[in-house]
Amino acid sequence: MPQSLPTLCGSIMGSPFSLSAKIHNAAYAALGLDYTFVCFGVDDPVAAVAAIRALGVRGMNVSMPYKTAVIAHLDAIDEAAKVIGAVNTINNLDGVLTGYNTDYLGAVRALEEVCALHNKRVAVIGAGGAARAVVFGCLQAEAEVTVFNRSVERGAALAEDLGARWGGSIEAFAAESFDIVINATSVGFKQPQSNPLDGRLASHLIVMDVAFMPVHTALLLQAQALGCRTVAGTRMLVHQACRQIELYTGKPAPIDIMEQAMLQEIQRLKL
Ligand SMILES: NC(=O)c1ccc[n+]([C@@H]2O[C@H](COP(=O)([O-])OP(=O)(O)OC[C@H]3O[C@@H](n4cnc5c(N)ncnc54)[C@H](OP(=O)(O)O)[C@@H]3O)[C@@H](O)[C@H]2O)c1
């Protein structure tokens, strides 16, 4: 199989974004590996997958908007990624490209740092790719999951597809019926003033936001002011990256160093 020197890993996405490179390169340095991670802004995901093969790229993250488009061009798809319908990680092992979804694991690992999910009543707000991963992960961890979404048809379809309950529009969310609420919409991402659950939280809830820029979103700030326990989107992000490091290097990920690099980069980007 073709090989690069140093070992090359990277990320393909619509427009290049530095965060993954900072997180991964910090991990490789801490592990003493001669690996380099590069962000590629691409407009042809199929050609990008061919390039992984031609250049011997060891691992490739996949970001918006290509998480579904790459699937048909890989050699194998992990079972969880198949059900979620999105690949965010391509692991090139001896020329065989396998697609994984590490977002769902990132969400579960981040939430389970705060409480066990088994039998918890979880409300997931949103029905896009991130929501699908979060719903799948929570169901795997044996939580009772209810989906709410602005677009009713899309939300109901997700719930039915994955075996969750359908709760209705976001306005139908009632705090007293849940132990945990997760914002898996894009509301709050690079929008420090936007909170999809403004005025709707209660102090008994564990509140998670998948939005990771800013680190302290308006939703998390309101939850903290009420005394809720919170899980930041950055924690999900670093945990999903840890799984990528495990796949690409076969070594345990240095999570503290990766988190520090991530937070420094978010600070540098000023959000
Ligand atoms: N922390 C992490 O590790 C991590 C990992 C992956 C993604 N993310 C983040 O997750 C977020 C969602 O990504 P995605 O890929 O799921 O996006 P997506 O597929 O475009 O889905 C967007 C979701 O947000 C909802 N939405 C958008 N604008 C809204 C508004 N004004 N009011 C109410 N709902 C609204 C959409 O509702 P409709 O169906 O009604 O349009 C949909 O449910 C992004 O911010 C992304 O950065 C975080």
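Predicted model: local features only at pLDDT ≥ 70, side-chain atom pairs only at ≥ 80, totals over all residues.
**Entry 1. The ligand site**

Domain 1 (7-101 + 237-268) and domain 2 (105-231) both contribute residues to the shell around the ligand, so the ligand shell lies between them. I counted 25 residues around the ligand, and Gly128, Arg150, Ser151, Thr185 and Phe189 come nearest.

The largest share, four residues, comes from α8. By class, I recorded twelve nonpolar, ten polar and three charged residues in the shell around the ligand.

**Entry 2. The two domains**

I noted the division of the protein chain into domain 1 (7-101 + 237-268) and domain 2 (105-231). Taken over C-alpha atoms, the centres of the two domains are 25 Å apart. Domain 1 brings 13 residues to the contact, and domain 2 brings eleven residues.

On the side of domain 1 that touches domain 2, α3 (79-84), α8 (233-249) and α9 (255-268) each supply at least two residues. Of these, α8 gives the largest share of that side, with four residues. I classed the residues on this side of domain 1 as seven nonpolar, four polar and two charged.

**Entry 3. The nonpolar core**

I searched next for the largest nonpolar core and found 87 residues in it. Val124, Val134, Val135, Ile182 and Met258 have the most contacts inside this core. With eight residues, α8 gives the most to the core. Both domain 1 (7-101 + 237-268) and domain 2 (105-231) give residues to this core, so it lies between them.

I took isoleucine 182 as a point of entry and asked which residues it touches, not counting residues up to four places away in sequence. The list is Val122, Val124, Ile125, Val134, Met208 and Val210.

**Entry 4. The whole chain**

I counted nine helices and twelve strands in the protein chain. The radius of gyration is 18 Å, close to the 18 Å that the globule rule gives for 271 residues, so the chain is as compact as a globular protein of that length. Along the principal axes, the C-alpha atoms fill a box of roughly 55 × 35 × 30 Å.

Buried residues make up 48% of the 271 residues. Among contacts with a separation of 6 or more, 61% join residues 24 or more positions apart.

**Entry 5. Helix α4**

The buried residues include Asp103 and Arg109, along with Tyr104, Leu105 and Gly106. Ala107, Val108, Ala110 and Leu111 are also buried. The buried residues of α4 pack against α3, α5, β11 (206-209), β12 (229-231) and α8.

**Entry 6. Isoleucine 12**

I located isoleucine 12 in strand β1 (residues 7-13). Is isoleucine 12 buried or exposed? It is buried, because 25 other C-beta atoms lie within 10 Å and the cut-off for burial is 20 or more.

Its C-alpha atom is separated by 9.0 Å from that of valine 38, which is 26 residues apart from it along the chain. Leaving aside neighbours within four places in sequence, I found isoleucine 12 in contact with Phe40, Val42, Pro45, Ala48, Met60, Val62 and Tyr66.

**Entry 7. Backbone checks**

I recorded a cis peptide bond between leucine 5 and proline 6, with omega about -10 degrees. Proline 6 belongs to the segment before β1. Another cis peptide bond joins methionine 213 and proline 214, where omega is about 0 degrees. Proline 214 sits in the loop between β11 and α7 (218-226).

I also looked up positive phi values outside glycine. Glutamate 142 has phi near 70 degrees and lies in the loop between α5 and β8 (144-148). This residue is exposed, with 12 other C-beta atoms within 10 Å.

Lysine 190 has a positive phi of about 60 degrees, and its place is in the loop between β10 (180-183) and β11. With 13 C-beta neighbours inside 10 Å, lysine 190 counts as partly exposed.

How values were computed
Residues numbered from 1 in each chain as written. Domains from an automatic or database assignment. Contact = placed C-beta atoms within 7 Å. Nonpolar A, V, L, I, M, F, W, Y, C, P; charged D, E, K, R; others polar. Near = placed C-beta within 6 Å. Core = buried A, V, L, I, M, F, W, Y, C linked by C-beta atoms within 7 Å. Rg over C-alpha atoms; globule rule 2.2 N^0.38 Å.
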